[in-house]
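Reader: I am new to this structure and would like a friendly tour. Could you show it to me first?

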Amino acid sequence: MDHMETRNNTRVLEFLLLGFSKDPELQPLFFGLFLSMYLVTVLGNLLIILATISDSHLHTPMYFFLSNLSFVDICLTSTTIPKMLVNIQTQSKVITYAGCITQMCFFLFFIEVDNFLLAVMAYDRYVAICHPLHYTVIMNPRFCGLLVVVCWILSVLHALFQSLMVLRLSFCTHLEIPHFFCEPNHVVQLACSDTFLNEVVMDSALVLMVIGPIAGIVYSYAKITSSIRAISSAQGKYKAFSTCASHLSIVSLFYGTGLGVYLSSAAAQSSHSKATASLMYTTITPMLNPFIYSLRNKDVKRALKSLFGRKV
């Protein structure tokens with residue numbers, strides 16, 4: 001009978017997303033802030049996609065990957081922020097069990113696609129700078145499409161596997177998540193059944209799905225750096241470096257906030273700092289990406305000007 005009750009509780013379970021503050025006076029401020037950030041993120045990334053599609057000069061592998069990254073960034077923020085805005089507006093912190101698992105699955109999926117795309121973009125810059133004569137042959141449209149499809153397939157498999165691992169856990173009580181979304185580690189920690197297997201799987205996934213792409217990015221930029229150093233003219237060095245400066249900025253933001261801040265906050269065991277760290281790589285980075293590429297890139301600026309038909 002107890003076993004049946006536990007199973008029933010798992011099915012009808014509701015989680016509480018505590019967010020950043022319990023102070024009711026701060027909720028309108030948070031609502032306005034996150035709504036503004038969400039709108040800027042969606043509009044900024046949408047402009048990058050439209051500029052890439054509309055300008056034939058941007059029909060290159062680098063901008064093909066960038067438009068995919070912008071699309072994924074819109075989806076990533078749409079997975080977490082709208083639910084938080086609804087909860088603030090309705091003064092309810094509730095998210096259903098099914099809603100939580102679904103949100104977690106989509107979050108894992110989009111964050112992994114982001115992760116893989118950054119590695120693919122690093123490889124693209126490596127081929128462009130280290131093998132410029134063979135660039136158009138290697139980075140042909142079919143191969144670029146294949147790279148993106150592989151990114152999506154690997155991310156889907158990872159997200160589904162991690163979500164299925166959480167589905168096997170039992171949750172016996174009305175649970176509080178000290179976060180603004182169903183962050184996988186927090187959900188697993190709240191289970192009342194044995195989570196050893198889940199922790200092993202998460203650690204293994206961290207090594208394979210995160211350290212792998214990071215190693216690829218580091219290797220690509222090590223080769224890029226040695227190639228740039230071999231260029232004799234200062235102008236040539238600057239031109240070569242400027243083609244990957246925007247990507248390097250985004251990589252630094254994504255991994256710097258997602259790994260550095262998150263791991264340091266995990267060591268501090270502070271729920272508030274963990275939520276803030278997650279906010280950095282799930283919301284701030286996607287919001288800043290369009291600005292980084294448009295402010296540092298003449299091609300994107302020109303495309304945006306032609307898109308609006310006036311000076312931006």
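Reader: Where does UniProt place the feature "transmembrane region"?
Author: Before we start, this is a predicted model, in which local features need pLDDT of at least 70, side-chain atom pairs count only at pLDDT 80 or more, and totals for chains, interfaces and linings use all residues. Residues are numbered from 1 along each chain as its sequence is written, and side-chain values use heavy atoms, with hydrogens and water left out. The UniProt record, an unreviewed entry, uses shortened feature names here, and its annotations may be inferred rather than shown by experiment.

Reader: How far apart are the end C-alpha atoms of residues 275–295?
Author: Helices here are DSSP runs (H or I, at least four residues; strands are E, at least two), numbered from the N terminus. Residues 275–295 are 100% helix and 0% strand. Their end C-alpha atoms are separated by 29 Å.

Reader: Which residues have the most contacts inside the largest nonpolar core?
Author: A nonpolar core is a set of buried Ala, Val, Leu, Ile, Met, Phe, Trp, Tyr and Cys residues joined through side-chain atoms within 4.5 Å; buried means under 20% relative accessible area, exposed over 50%, partly exposed in between, with a 1.4 Å probe and protein chains only. The largest one here has 91 residues, and the most contacts inside it belong to Phe 15, Phe 34 and Phe 171.

Reader: What is the volume of the largest cavity?
Author: On a 1 Å grid over the protein atoms alone, a cavity is a set of points where a 1.4 Å probe fits but cannot get out, whereas a pocket is an open set with protein on both sides within 12 Å along at least five of seven lines; lining residues have an atom within 4 Å of a point. Grid points are joined across faces, edges and corners, and a volume is the space filled by probe spheres set on the points. Two cavities of 30 Å³ or more turn up in a search of the whole structure. The volume of the largest is about 40 Å³.

Reader: Which helix gives the most to the lining of the largest cavity?
Author: Helix 3, helix 4, helix 9 and helix 10 are the elements that give two or more residues to this lining. With four residues, the most comes from helix 10.

Reader: Which residues line the second largest cavity?
Author: This cavity holds about 30 Å³ of space, and helix 4 brings the largest share of its lining, three residues. The lining is made up of Met 62, Phe 65, Met 121, Asp 124, Arg 125, His 247 and Tyr 293.

Reader: Which residues lie nearest the centre of the second largest pocket?
Author: The second largest pocket has about 720 Å³ of space. Helix 9 gives the most to its lining, with eight residues. Of the 24 lining residues, those nearest the centre are Lys 239, Ser 242, Thr 243, Asn 297 and Asp 299.

Reader: Is Lys 223 buried, exposed or partly exposed?
Author: Lys 223 sits in helix 8 (residues 196–230). It touches Tyr 126 and Cys 130, not counting residues up to four places away in sequence, where contact means heavy atoms within 4.5 Å. Because its relative accessible area is 33%, Lys 223 is partly exposed.
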